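Here's a quick walk through a few spots worth a look. Have the viewer open as you read.

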Amino acid sequence: MPHISGATRSTVRSAAVSTVVATALAAGLLAAGSSSASADQVRVHDIQGTTRLSPLAGQQVTDVTGIVTGVRSYGSKGFWIQDTKADTDPATSEGIFVFTGSAALTVKAGDAVRVSGTVGEYVPGGANSGNQSLTQLTKPTVTVESSGNALPAPVTVNAKSVPSAYAPDGDPANGGSINALVLRPRSYALDLYESLEGMNVRVGTSRVVGATDPYAELWITVKPHENAARRGGAVYGSYADQNTGRLQIQQLAPLAEQPFPKANVGDVLSGGAQGPLDFNQFGGYTLAARTLGTVTDKGLEREKTRRQAKGELAVATYNVENLDPTDPQTKFDALAGAVVSNLASPDILALEEIQDDNGAKNDGTVSAEATLKKFTDAIVAAGGPRYAWRSIDPQNNKDGGEPGGNIRQVFLFNPERVSFTDRGAGDATTGTGVVRSSDKHAALTLSPGRVDPANTAWADSRKPLAGEFSFRGRSVIVVANHFGSKGGDEGLTSQHQPPVRSSEAKRLRQAEAVNSFVRDVREVQKNADVVVVGDVNDFEFSATTKALEAGGALKSAVKSLARAERYSYVYQGNAQVLDQILTSPGVGGKGDFSFDSVHINAEFAEQNSDHDPQVLRFRP
C-alpha cells in the first residue's frame, strides 16, 4: 500500500482554516500586546521571525511591502512577495505567501505591492498531522504600486549550501517540537529551507530522484553523490542519515497552459527551476517553479531478472495495487507481462492487494475467483505458465484496505514445477499450526492457512497466509504477508524531530507473531525451508524487520544486496525498502540463495503498481 492511504491531494483551503499555532503561545512567540503592528515597524522578515512560528501570528499588519515573485491560480490560491531590503540575519526569510482564497488575483510577477492582512500559521493537513506550519498573510488588502520590476535575485540551493545534518532534535519540554527553536540554517537542512520559506530560490540542473506523479510533481536532489542508488535515485538507508538534498518540484503555470514534464528516476532536469519555496502537506518544502527547465531522458529501462535454473526454486512477491475485475484489461495485461518477462515466470508468486470479484463495491462479496482467473488467463496470454492458486477469503471488511475491496494475499504456483500440499480446510478465523509429519518434517495443520488470525495485531489488517509446497521432493513453507501501512505516521519534515512513527507499533506486533510462527516451524524441524514474503511496509533497518529476524529465525534477503540496490518503493524522492523476502537459516542448505529486487515500477512515471516485485532463487 502507499504510505498514506485515502489521503486527498486537494489543496483547496479557506481563510478559516488558517490558524495560529497554539504552541507559539506556550513558547512566548506571540506578541501579547496590540493586535496590530504599524507599517513603519513591520517588514517581511519581522513577520517571519527567527523560528518556525511568526512572532506576529494572529496580528493585523499594514502596508507590508514587497515584489511579487509568483502567483498560483489553482489549489491554494495566492501569491508570494519578497522584500528587497533584506536584514542581515540568515534565520529570517524575506518572502511570504499571501493567501487570497476565492478572491480574484489582481497581481503578477514583478509587481511592487503593499499588503495589509492578518498574520497566520497554516498547518497543511491539520494540527494532528504533526506538520510544520506555513507563515502567511490572510484576508489581504493589496495595493499595486508599480509593475515590471526586476525580481529579487534567487537564492541558489545546491550541494554546498545545504547542510548534511537534517534537523535539530526537538525540544523535550515542548513535546519534541522544533517550532520554537531558533533557526540554524548553516547547521541543518530543514532550518535552511525554513529560513528560505516564501523566498525566490533556484536549483540548477539536477538529477531526478522521484518520478513525475499523477499530481504533476517530481523530486530532484541537489546532492548528486548523497546515498546515490545504482539506477539514479537516492537510497533511504537509515533514520539517522536523511537525504538532505531532496526537493519537490511543482509548477505555478496551470497544466492547461503548460503540461508538466514527464520524468523517470535518473533523468535530469536540465536548466533546473526557479520560484518561491512553498511548504505543503505532501512533501514539505516544495519549489513552486515560475520557470522550469526541460527533462533530459537518460533511458532508464525496466529490469528483467534471470530465469531460475532447473534445480532452483524461484519464489517471488508482488503487490499488484488493488487488482480487481473492474480494472481495465490493459492493467491485467501489463502486470501479467511483467510476471512473464520481468520476473521470468517464478515457480511461486505471492500476490498482495488482490481484491474481491467486484472490487470496491461494498456489497458483501469476498470471493476473488474472478479476479484470479482474469489475471492467470492474462499470464497465459503473455506466454507464461497456467498458474494454479490458493488463498483464503477474508471476512467482509475485516482486513483493511479500500472499503468493500477485501484485499488479500494469494499464492500463484506453476504446477509443472512445484506442487501445493493441500491439508485441512482453512478459513478466515482459524489459525494453522505446525506438527511433525511421519517423515519427521515440519507440516502445517492447515495448508493454506492463516497465521494467528485471532491475534489483535491483525485487527483491520491482512492476516498472513501460510502454504506448504513441494519442490523436487523437498517441503517448503511460504508465508505471504501484507503488514499494516504507514498511514498516520508524521512526515520527515514534521515539527517533531525525530518524527512520530505511530504506525510502527502495530507492525512490530505483527512481526513478532510471524517470527513466533517461524520459530514454531523450526522447533519441529531446525533446517526447515521457510520463506517469509510480502509487503512488510517497513524498512530493512526498522524495528519491524529486527522483530522478524529475532532469535536468528529469519534473515532479510535484501541485505544481501549492495546498499545502492536496496529498495522496492520510491516515496518523496527516497528509494526505500517496503517489500521484503526473509529466509530461515535452512534455505539453500547454508543460506545460499540469489535475491533480486526487480525495478519495474517505482522509478517510473508510468506504473502498473507503485511497488517493485522481488524474487528469491535457491536450491532446497
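## An arginine in a loop

Let's start with Arg472, which sits in the loop between strand S23 (465-471) and strand S24 (474-482). Keep in mind that this is a predicted model. Is Arg472 buried or exposed? Arg472 has a relative accessible area of 60%, and over 50% counts as exposed, so that's where Arg472 falls.

Leaving aside residues up to four places away in sequence, Arg472 touches Lys310 and Gly311. There's also Arg417 to look at: 55 residues separate Arg417 and Arg472 along the chain, yet their C-alpha atoms are 8.4 Å apart.

Next up is helix H5, residues 369-381. Just after the helix, Gly383 takes a positive phi of about 100°.

Which residues of H5 are buried? They are Thr371, Leu372, Phe375, Thr376, Ala378 and Ile379. Looking down the axis of H5, you'll find these buried residues within an arc of 155°, so they line one face of the helix.

Now for the aromatics: the structure has 13 aromatic pairs. One of them is Trp80 with Phe97, a tilted pair at 4.8 Å centre to centre and 50° between the planes. Trp80 belongs to strand S3 (residues 78-82) and Phe97 to strand S4 (residues 95-99), so the pair ties together parts 17 residues apart in sequence. Both Trp80 and Phe97 are buried.

Phe411 and Phe469 have ring centres 5.3 Å apart and planes at 90°, so this pair is edge-to-face. Phe411 is in strand S18 and Phe469 in strand S23, so here the pair ties together parts 58 residues apart in sequence. Phe411 is buried at a relative accessible area of 0%, and Phe469, at 1%, counts as buried too.

## A ring cluster and two charges

Ring pairs also link Tyr236, Tyr239, Phe539 and Phe541 into a cluster. Tyr239 has a charged neighbour as well: the charged end of Arg501 sits over its ring, 3.7 Å from the centre. Elsewhere, Arg302 has its charged end over the ring of Phe604, 4.1 Å from the ring centre.

How values were computed. Residues numbered from 1 in each chain as written. Predicted model: local features only at pLDDT ≥ 70, side-chain atom pairs only at ≥ 80, totals over all residues. Heavy atoms only, no water. Helix = DSSP H or I, 4+ residues; strand = E, 2+ residues; numbered from the N terminus. Buried < 20%, exposed > 50% of the residue type's maximum accessible area, 1.4 Å probe, protein only. Contact = heavy atoms within 4.5 Å. Expected span 1.5 Å × (residues − 1). Arc of directions from axis to C-beta. Phe/Tyr/Trp six-rings, centres within 6.5 Å; stacked < 30°, edge-to-face > 60°. Lys NZ or Arg CZ within 6 Å of the ring centre and 35° of its normal.
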